[in-house]
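These are my notebook entries on one protein model. I set down what I looked up, in the order in which I looked.

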Amino acid sequence: MLNQNNNSIDCNSDFATSAFSNILLNKLSETYSPVYSDMVIICIGTDKSTGDSLGPLVGHFLDKGLFLNTKNIHVYGTLEKPVHAKNLIKYINVIDEKFDNPFVIAIDASLGIYNRVGFISVWDGPLKPGSGVNKELPLVGNIHITGVVNISGFMEFILLQNTRLNIVMKMARIISTSIIYSISKLNIDNKKLN
């Protein structure tokens, strides 16, 4: 049984990748237009914490040559070069300087209630990174994707450290595959990204 609403999917559902690909494609069709110069995917997190490694894992999967033939799609935040709380402002400045009017997709792990662990969602507007661990970081993204990796509550840093890698990997594969599908479909259907 498919467990989803109009913007999220349970990563353990049957056909989760297909369903999230369609959710993301619908969101991109609503929000992306040719007025944007480039598409930037910024994957936030660190590989030093299992729960916070969702972003770098997505970036790692995307950076493995999948967009090499597409000159105006750029990925920041990988396992090798993560974008995290200490360097996020630097990367935002790099993106602002390098691109005239980019469309930015921000990706990050989040904490939530027990029955939402494993859910991946796409949202309008910018991401507020670090809010789950009470960090004040700048907003980033035209749209954002979050994956609930663990429950929120007491001692969030410990929860992120003790998150199962299996669920993070599963969500990272679904998100990265959905991004690739959605962007390629947008290219074919609308010739928006060349």
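**Entry 1. Salt bridges**

I began with K27, which forms a salt bridge with E30; the closest N and O atoms are 3.6 Å apart. I noted that the model is a predicted one.

I then asked how K27 and E30 are placed in helix α1. Helix α1 covers residues 16-31, and because K27 and E30 are three residues apart in it, about one helical turn separates them. I recalled a general rule here: an α-helix has 3.6 residues a turn, so residues three or four places apart point the same way.

Is K27 buried or exposed? I found a relative accessibility of 13% for K27, so K27 counts as buried, the cut-off for buried being under 20%. For E30 I found 59%, so E30 counts as exposed, since exposed means over 50%.

Next I looked up D124, which forms a salt bridge with K27, the closest N and O atoms being 3.1 Å apart. D124 lies in strand β5 and K27 in helix α1, so this pair ties together parts that are 97 residues apart in sequence. D124 has a relative accessible area of 49% and is therefore partly exposed.

How many salt bridges does a search of the whole structure find? I recorded two. K27, E30 and D124 are linked in a network of salt bridges.

**Entry 2. The chain as a whole**

I stepped back to the protein chain and recorded five helices and six strands. Read along the sequence, the elements follow the pattern β-α-β-α-β-α-β-β-β-α-α. The protein chain has 194 residues, and buried residues make up 53% of them.

I turned to strand β6, residues 143-151. How many of its nine residues are buried? I recorded eight, so β6 is largely enclosed by the rest of the structure.

I then followed the pairing of β6. Strand β4, residues 103-112, is joined to β6 by eight bridges, and the two run parallel. In this pairing I found A106 opposite H144 of β6. Strand β5, residues 119-124, is joined to β6 by five bridges, and these two run antiparallel. Here S121 stands opposite T146 of β6.

I listed the buried residues of α2 as L54, G55, P56, L57, V58, G59, F61 and L62.

For helix α3, residues 88-98, I found L88, Y91, I92 and I95 to be buried. Seen down the axis of α3, its buried residues fall within an arc of 105 degrees, so they line one face of the helix. Which residues are exposed on the other side of α3? I recorded K90 and E97 there.

**Entry 3. The second largest pocket**

I looked up the second largest pocket, which holds about 200 Å³ of space. Its lining consists of H60, D63, K64, V75, Y76, G77, T78, L79, E80, K81 and Y91. I compared this with the previous entry: Y91 is one of the lining residues, and Y91 is also buried in α3.

**Entry 4. Two loop residues**

I ended with the loops on either side of α1. F15 is found in the loop between β1, residues 8-10, and α1. Its phi is near 60 degrees, a positive value in a residue other than glycine. With a relative accessible area of 70%, F15 is exposed.

V35 is found in the loop between α1 and β2, residues 39-43. V35 is exposed as well, with a relative accessible area of 57%. How far apart are V35 and F103 in space? From C-alpha to C-alpha I recorded 9.1 Å, although V35 and F103 are 68 residues apart in sequence.

Notes
Residues are numbered from 1 along each chain as its sequence is written. This is a predicted model: local features need pLDDT of at least 70, side-chain atom pairs count only at pLDDT 80 or more; totals for chains, interfaces and linings use all residues. Side-chain values use heavy atoms; hydrogens and water are left out. Buried means under 20% relative accessible area, exposed over 50%, partly exposed in between (1.4 Å probe, protein chains only). Helices (H or I, at least four residues) and strands (E, at least two) are DSSP runs, numbered from the N terminus. Two strands pair if DSSP finds at least two bridges between them. A salt bridge is a side-chain nitrogen of Lys or Arg within 4 Å of a carboxyl oxygen of Asp or Glu. On a 1 Å grid over the protein atoms alone, a cavity is a set of points where a 1.4 Å probe fits but cannot get out, and a pocket is an open set with protein on both sides within 12 Å along at least five of seven lines; lining residues have an atom within 4 Å of a point. Grid points are joined across faces, edges and corners, and a volume is the space filled by probe spheres set on the points. The arc is that of the directions from the helix axis to the C-beta atoms.
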